[in-house]
Amino acid sequence: MTQITTRPNFVSQDEVERTRLRVLLAQFQPQKGDYEANVRRVGDIFEQMAANGVQTDVLTLPETALSGYFLEGGVREAARRQQVVFDDLQAEYLQRFGPDAPLLDITLGYYEEHRGAFYNSALYATLGTTSNHAGWQPGIVHNHRKFFLATYGVFDEERFVSRGRRVQAFDTRFGRTGMLICEDTWHSIAATILALQGAHVIFIGNASPARQFANDEPGNLTRWRDLVRDISSEHNLFVVLTNLCGFEGGKGFIGGSIVTNPFGEVVLNAPVAKECLVRTELNLADIMVARSENPLLADLETRLPDLIAELRTIERS
Amino acid sequence: MTLIATDRFELIDSPPPDAETIGRNLLKMNPLLVRDWLLEFLRDELIRRRHFSQAVVGVSGGVDSAVTAYLCALALGPQNVTAIRMPYRTSSRESLQHAQLVIDALGLPSRTIEITDAVDGYIKQFENEADGRRRGNVMARMRMIILFDQSAKLDGLPVGTGNKSERLFGYFTWHADDSPPINPLGDLYKSQVWELARLLGVPSVIVEKPASADLIEGQTDEGDFGISYQRADLILALLLRGYSRNRIIEMGVGSAEVDLVKSKLDKTHWKRHLPTTAMLSNTSINDYYLRPVDY
């Protein structure tokens, strides 16, 4: 796999076309505990894309899309190695698009097995067979293991999966990207690290069961919108939040996937609770416009040594 | 040294919110959103996950079963919801009539199965001295037997009607009222069920009357509890939020009320669980061997 080593240049006007990133959000309702059925359902999305001529650069699916979220001890039965997930998705993709399948990037959540340990992971992979001008080949681009495992209230992740140890931005054929899973997002430092590492789009996969029915939408969806808007406006980048939907044992996942732009504006609200595909386009050149107005990230970069020194004092206290 | 004349500043007091304010906020709900969510819940549990098209609801004439019947009718279509009235000889005439109001309003297929002979077959012949509590439990368990059997006959699923307030008070018969495999109202306090009932258009005579288990004439839930549902729900909501007894008293709730509610809650945790099993292995079910209900 060849990796892009330099960041895309957002300044040059002749590169504007290249900075348009088409994203297809799959607000997905998995078949509980049935990995094979869910891979086939992702195949159904490919089928629909092929049949309807739906073109996208990135297809993104939520946390635990290949199994459902609340599996308890069933994690060990639904977990797969990352290479297996890639191979299965690639097989589904090639089956629909044929031997000359164009490249398609995909992000999705799954329970991962690695050397006998289990993780709540998100995979970023490039599917297809045709290499583009930058020399990209199909393959796994990055695998993020959930760093902050939700273990409170209705959640009990630490009992069934191990926690990831890294929060890392990575290069894709569309530039520097980051991924977070659910509670990772609730700690602003995780998104801040990705922003400092150069991510211009953060894909967040999420499985959030609805709570708080006081207002016009589940209260936790409102809270999520605030969270991703704050990340976008603080760091002037795009956030693509893709939510699970459907019920699992009485717990209804919220749906209502959200995209925010580098100005901190919500540019997409998917329907609440409903399984659907939502298509949008991110103009990555907006990052430059927003950052020129509001150089918060540059300020943070310059103050970083002092902040790191402060953080070290916490470590020692 | 220059002193700032503080008396030129207007002093605004902003006291911490009291129990009423916090409780009201905790109990606040959007009934329309709740209704739509519960309809999706019912469709998902019955149709998608369990592949049933038919629901069976024991309609008592009270507001909980009325709301459940309304929700099921909206979710599945009234023709797919069978209402069963199961009066005992001491049940009030009014309850039976109110149940009929629900059946007529929704156009539900229905059946009335009197449980007197079945209950008395046991009580009169073997346990004639049984007190009201035991008789009430036998009635509730007989109704459970009928609901499950009617569901088997109709190839349907019994839908539970218990609300959060009575679940938290333990004010139900274990493995009877709580036995149906799905329950749309179990996370709604009684006061919230009333609110939902008004939205759904449940006849006001059912919504406005005092709640009653209807085991003996003139009985009301609130009479049995010694506190109104409005007050109990407020205190339950504060306790479940995690506020201590003393903190709730400090917020302005009387200690007698808090203690009454807290003692009912504390004494009934067992009723909200499956039977306790002696653990002997490291594969003990629900201790070690953990699989979710829909797995």
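I began with the outward side of helix 4 of chain B: the face turned away from its buried side carries the exposed residues B:Arg93, B:Gln97 and B:Asp104. A reminder to myself: this is a predicted model.

Next I asked which residues of helix 4 of chain B are buried. I found B:His98, B:Ala99, B:Val102, B:Ile103 and B:Leu106.

Then I checked what covers them. The cover over the buried residues of helix 4 of chain B includes helix 3 (63–76), strand 2 (81–85), strand 3 (110–112) and helix 9 (204–208) of chain B.

I also checked the length. Helix 4 of chain B (residues 93–106) has 14 residues and should span 20 Å at 1.5 Å a residue; its end C-alpha atoms are 20 Å apart, which agrees. Just past the end of helix 4, I noted that B:Gly107 takes a positive phi of about 70 degrees.

My last stop was B:Leu33, in helix 2 (residues 31–49) of chain B. Setting aside neighbours within four places in sequence, I found B:Leu33 in contact with A:Phe213 and A:Asp216. I also looked up B:Glu257, 224 residues from B:Leu33 along the chain; their C-alpha atoms are separated by 32 Å.

Terms used
Residues are numbered from 1 along each chain as its sequence is written. Chains are lettered from A and ligands numbered from 1 in the order in which they are written. This is a predicted model: local features need pLDDT of at least 70, side-chain atom pairs count only at pLDDT 80 or more; totals for chains, interfaces and linings use all residues. Helices (H or I, at least four residues) and strands (E, at least two) are DSSP runs, numbered from the N terminus. The expected span of a helix is 1.5 Å times one less than its number of residues. A residue is buried if 20 or more other C-beta atoms lie within 10 Å of its own, exposed if 12 or fewer, and partly exposed in between; C-beta atoms are placed from the backbone. Two residues are in contact if their C-beta atoms, placed from the backbone, lie within 7 Å.
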